[in-house]
Amino acid sequence: TSTLNVDAGDMVRYNVSVTHRSDSQSFAYDMVVTASLPSYLQAVSAENGSDAWPWVLVNNGSQVQFLVGALDTSRSYQTSFVAQVLDSIKPSTQSVTVGVQATFDSHPDVLYGETGRADAVASVSEALVIRDPTLDTADLAAESSVNSTVGQNVSVGEAVLLQNTVNLVEGSSRVVVVLALPSGGRLRLESSTSSIALGQQVSCEVSSPVPVANSSFVTYDFGLCLN
């Protein structure tokens with residue numbers, strides 16, 4: 001499959017194709033094509049393929065196997081399966097790939113007392129691209145204690161509301177929000193007016209963290225969050 005911009009809950013279809021090499025001179029018998037998924041993915045369904053051979057999900061969807069009786073040298077076997085991205089995925093996770101291996105024999109079972117020549121080939125899919133969260137900052141003067149100042153215009157001693165929204169991707173994220181204050185102490189956090197609201201589908205280890213502030217930064221540590 002091509003790389004996709006995905007997060008938890010998304011369904012991804014993987015296409016699998018097994019073809020004889022140009023110098024192959026015998027059928028591939030008793031072939032088992034096994035797709036092994038990383039811990040962030042779970043196979044949920046598959047297709048019988050171009051020759052309608054059966055398939056089975058193994059180890060709770062961590063693998064999917066296609067049981068191909070025989071593959072003619074002039075033919076290729078093509079199939080696909082669908083995997084779901086699990087909640088355990090984290091933003092910017094790297095190397096989310098699926099490995100595929102095909103094992104086969106030069107003749108079926110035991111022929112004239114000989115077991116044939118067993119062999120295997122393997123391949124790896126392209127890596128998925130996992131979505132990143134975004135941080136949106138509202139207008140500095142969304143609310144103000146001085147009505148005569150408008151927009152970005154403020155006066156000494158005026159209280160303004162800084163409103164920030166973190167849009168999490170679906171899945172698990174370690175969330176620490178750090179707000180950089182202007183230099184020289186030109187703004188000071190009034191902790192008593194700090195309020196936090198989580199979205200309906202979001203749960204965090206710390207649902208209402210106490211802001212940690214100094215002259216330069218204000219930090220909110222939510223721990224691990226699930227969206």
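The structure contains 1 disulfide in total. In general, a disulfide is a covalent bond that joins the sulfur atoms of two cysteines.

The model is predicted. Its chain contains 16 strands and 0 helices. Of the 227 residues, 27% are buried. Contacts were also sorted by distance along the chain. Among contacts with a separation of 6 or more, 69% are between residues 24 or more positions apart.

The second largest pocket was examined next. Its volume is about 690 Å³. The lining comprises 32 residues, and the closest to the pocket centre are Val-18, Thr-19, Ala-102, Phe-104 and Val-121. Four strands each contribute at least two lining residues: S2 (11–19), S3 (28–36), S8 (99–105) and S9 (119–124). Strand S2 provides the largest share, 6 residues. By residue type, the lining splits into 15 nonpolar, 12 polar and 5 charged residues.

Two residues of strand S7 were followed in detail. Ser-80 lies in this strand, which spans residues 76–85. Its relative accessible area is 4%, so Ser-80 counts as buried. The side chain of Ser-80 makes a polar contact of 3.0 Å with the side chain of Arg-13. Beyond its neighbours within four places in sequence, Ser-80 contacts Arg-13, Tyr-14, Asn-15, Val-16, Ala-46, Glu-47 and Phe-66. Thr-79 is also placed in strand S7. Its relative accessible area is 6%; because this value falls under the 20% cut-off, Thr-79 is classed as buried. The side chain of Thr-79 reaches the backbone oxygen of Glu-47 at 2.8 Å. With residues up to four places away set aside, Thr-79 touches Tyr-14, Asn-15, Val-16, Glu-47, Asn-48, Gly-49 and Phe-66.

Asp-30 sits in strand S3. Its relative accessible area is 36%, so Asp-30 is partly exposed. Strand S3 is one of the strands that supply at least two residues of the lining of the second largest pocket. Asn-59 has a phi of about 55°, again positive in a residue that is not a glycine. This residue occupies the loop between strand S5 (55–58) and strand S6 (63–71). Asn-59 has a relative accessibility of 55%; because this value is over the 50% cut-off, it counts as exposed.

Two further loop residues illustrate distances between parts of the sequence. Val-160 falls in the loop between strand S11 (134–137) and strand S12 (164–167). Its relative accessibility is 24%, so Val-160 is partly exposed. The C-alpha atoms of Val-160 and Leu-187 are 9.5 Å apart, and the two residues are 27 residues apart in sequence. Gln-200 lies in the loop between strand S13 (172–180) and S14. With a relative accessible area of 81%, Gln-200 is exposed. Gln-200 and Asn-227 are 27 residues apart along the chain, and their C-alpha atoms are separated by 9.0 Å.

Notes
Residues numbered from 1 in each chain as written. Predicted model: local features only at pLDDT ≥ 70, side-chain atom pairs only at ≥ 80, totals over all residues. Heavy atoms only, no water. Disulfide = S-S within 2.5 Å. 1 Å grid on protein atoms, 1.4 Å probe; cavity = no way out; pocket = protein on both sides within 12 Å on 5 of 7 lines; lining within 4 Å. Points joined across faces, edges and corners; volume = space filled by probe spheres on them. Nonpolar A, V, L, I, M, F, W, Y, C, P; charged D, E, K, R; others polar. Buried < 20%, exposed > 50% of the residue type's maximum accessible area, 1.4 Å probe, protein only. Polar contact = N/O pair within 3.5 Å; in protein donor to acceptor, adjacent residues only side chain to side chain. Contact = heavy atoms within 4.5 Å.
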